[in-house]
Structures are given as structure tokens and as C-alpha cells.
Amino acid sequence: MADIHTVRLEPVGVEFEVEEGETVLDAAFRQGIALPHGCKEGQCSACKCVQLEGETEMLKYSTFALNDSEKETGHVLMCRTLVWSDVEIELLNYDEEVLSKSIPVKQFSGKIVDFQKLTHDIRGVQIELDAPLKFWAGQYVDISVRTEEGETITRSFSMANPPSETQKLSFIIKKYPDGRFSNELDNGGIRAGADVSVRGPYGMCFRREERDGPMILVGAGSGMSPVWSILRDQVVSGETRPVYFFYGARTQTDLFKLDEIGALTAANPNVEFIPVLSHEAEGNGWAGERGFVHECVDRRLRALGIEGEGDVYACGPPPMIDALQPVLFMHDFDSDRIFFDRFTTTSGSSGH
């Protein structure tokens, strides 16, 4: 029988068990304790904390996430940490609301029941699970599929459906030129009827309830997926705060879901949809916003007089997130009111 040790989290006073060979983060997920996390692979620094007591060992990680001087001062990455005794850890970042809303991570079996070509490089995928998955709007799962050649591919994708739909999940997936998962969709290796395994939920970029000020949603590419889930969940919540939904794309042909978005905004006057095109040619009948989405967010916030009020949920590729961050800080948004989901292409098993 594997040894079991106790991890105590300070300053919150939460304790949980970790089995031999299990990382601190995986043990927390299994028991429904939502610790700060990002890539789950030692590539980012979201789960960095300080080990106060105990004996641990760290699996391979990136020195970008944890440099040598930090390691010497007792910092560890919870996604890479194995424990060999009872351990005490000091959290550097934690959110009482997140800890109170934890959902245990579970494994599900499912089938791909449908997929659609939404644009030249965006696909819609529907998966039916064998049991309901509880999640918060904006969270993601790891999906594993076996190709016809017998290879297993795992990627992370955010749900596009609201949490009220627990057994049939929808995903919006961007197809990359060298993306194994998305190319298998087009080439038929992953098809309707294919079996999948789904593990989750994960992610800290989920809708917070009953907050003051407007809700600002910013998406690009497949960042539409979690943003669409958050938006629909917000609408059914009955909250009346204004919602500004910015979506960045290259041209009009890269816009999709326009009928559904139009119906939602028509029924909910407090929601405004603001598509922003960066490469639309002149004379194509486009009267909307132009430029990059972060530039439009900056202009609109100034025009609306919104300085640090409300919550921002931004989901999309790293360049969009990187460009948006200084804009939000210039507008006096506190970091605890900004929620990012940075969609990388593929690093190991991650990549929305």
C-alpha cells in the first residue's frame, strides 16, 4: 500500500492527503481543493508557493517557471512536487472564493457526437459524456483521443456550453497547421462516434458571481469558447450588470456565431458585442471597429469612463493577453479583478 502524507496549506489552514507518486496539485484536484494553477506541467509559475516544512522532490520543470535562486529559498511548483513526509506549504496566491467553490477533478468517458467547420481554421466539437460533469463557466478539461493509428493525443480545451449543460459538452477549437488534434478532426482520424476520455474540470478563469461594475469579456480565436460559456452563464444568472464583449479577428470571414450572438444581445440590451478586425480590407462594407482588440478595449474604456471598475475575462493567444495586460493596468484594474486564460498552441499535453 502506498504511503500517504498530509499537506497543510497556510495561511488558509486547509489540509489534504497526498499519495506516494502523486503531485501536490493532482492530490488537491482529486479532493476538490482548487489551488492556483495554469499549465499543470511546470512550464508557467501559477502554482508557485513556498515549502515551509517537510521532505519533497520536484519532477522536471522549466527554470522560466522557477529559477535557481527561488528554488534555494524554498519555492516549489505544486504541479511538480512529490512529497515524502508530511509537508507544510505557504500559498503565495490564493482566492477564498475559489477555494470555497472547488469541484473534484474526475475522469469521464465520452463520444464525439458532432463537429462543424465554423471558419477556415475554427472547428466546433460536441462530446457526450457517460456521466454529468460539474464545472464553472470558463473552465476547461483535458481531452484524450485515440487516432485510427492507435496513438493517444491529449489536449486542453475550454467548454463553450454553460454549466447548466453537464453531459453534452461543446468546444470551439482552433486548427493549427501542425496541430495534431485539430488536424485529426479534419482528416477523419478523430470523427463523430470516436471514443474520448475527458478529465477535469480545471482552470481559474471562471465567472465570479455578484460583483460590482461591468463585465468585460475579451476573446480571439478559440478564446470564444470560454467567453461564450461565461456570457451565457451570466445571462441566465439574472444579474443586470452591463457586459461588453470584445472579439478580435482578422477579417469578416473569421467571425462566427453571429446569429447566436445577435439573438442574445437583442434579448439582453445590457450586453454589447464589439467585433474588432485587424486585417479587413477597405471597401468591404465593414463599418465596425478596426485594429487590434486590445487597442479597441483601450478606446472603449476611455469613452465609457470605466477606470478599474468591474471584472475582465480575457481568453485567447498569448500575444493578445500580453498586449491587453498593460492596457488594463493603465485603466487601474486590480489584478484580482482580471482573469486570463492564455491559449498556447501545443506544449506537451496542453494547448486549447
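The model is predicted.

- Strand S15 spans residues 243-249, and seven of its seven residues are buried, so the strand is largely enclosed by the rest of the structure.
- Val243, Phe245, Tyr247 and Ala249 point one way from S15, while Tyr244, Phe246 and Gly248 point the other way. Both sets are buried.
- Strand S14 (residues 215-220) also runs parallel to S15, and six bridges join the two.
- Val218 has Phe246 of S15 as its bridge partner.
- Between S14 and S15 the chain passes through helix H5 (residues 224-237), in a β-α-β crossover that is right-handed.
- On the S16 side, Gly248 stands opposite Val276.
- A right-handed β-α-β unit is also made by S15, helix H6 (residues 258-267) and S16.

**Second largest pocket**

- The second largest pocket holds about 540 Å³ of space.
- Its lining comprises 28 residues. Those nearest the centre of the pocket are Ala220, Gly248, Ala249, Arg250 and Pro317.
- S15, helix H7 (293-304) and helix H8 (318-330) are the elements that give two or more residues to this lining.
- Sorted by class, the lining of the second largest pocket has 13 nonpolar, 11 polar and four charged residues.

**Largest cavity**

- Two cavities of 30 Å³ or more are found in a search of the whole structure.
- The largest cavity contains about 130 Å³ of space.
- It is lined by 18 residues, and Ala34, Ser102, Ile103, Gln139 and Pro201 are the closest to its centre.
- At least two lining residues of the largest cavity come from helix H1 (24-30), and at least two from strand S13 (195-202).
- The lining of the largest cavity divides into 12 nonpolar residues, five polar residues and one charged residue.

- Most peptide bonds are trans.
- Pro11 sits in the loop between strand S1 (4-10) and strand S2 (14-19).
- Pro201 belongs to strand S13, and Pro201 is one of the residues closest to the centre of the largest cavity.

- Most residues other than glycine have a negative phi.
- Lys40 has a positive phi, near 65 degrees, and lies in the loop between H1 and strand S3 (48-53).
- Buried means under 20% relative accessible area; Lys40 has 17% relative accessibility, so it counts as buried.
- Lys257 also has a positive phi, near 60 degrees, and is found in the loop between S15 and H6.

Definitions and conventions: Residues numbered from 1 in each chain as written. Predicted model: local features only at pLDDT ≥ 70, side-chain atom pairs only at ≥ 80, totals over all residues. Heavy atoms only, no water. Buried < 20%, exposed > 50% of the residue type's maximum accessible area, 1.4 Å probe, protein only. Helix = DSSP H or I, 4+ residues; strand = E, 2+ residues; numbered from the N terminus. Pairing = 2+ DSSP bridges. Right-handed = clockwise from strand over helix to strand, strands pointing away. 1 Å grid on protein atoms, 1.4 Å probe; cavity = no way out; pocket = protein on both sides within 12 Å on 5 of 7 lines; lining within 4 Å. Points joined across faces, edges and corners; volume = space filled by probe spheres on them. Nonpolar A, V, L, I, M, F, W, Y, C, P; charged D, E, K, R; others polar.
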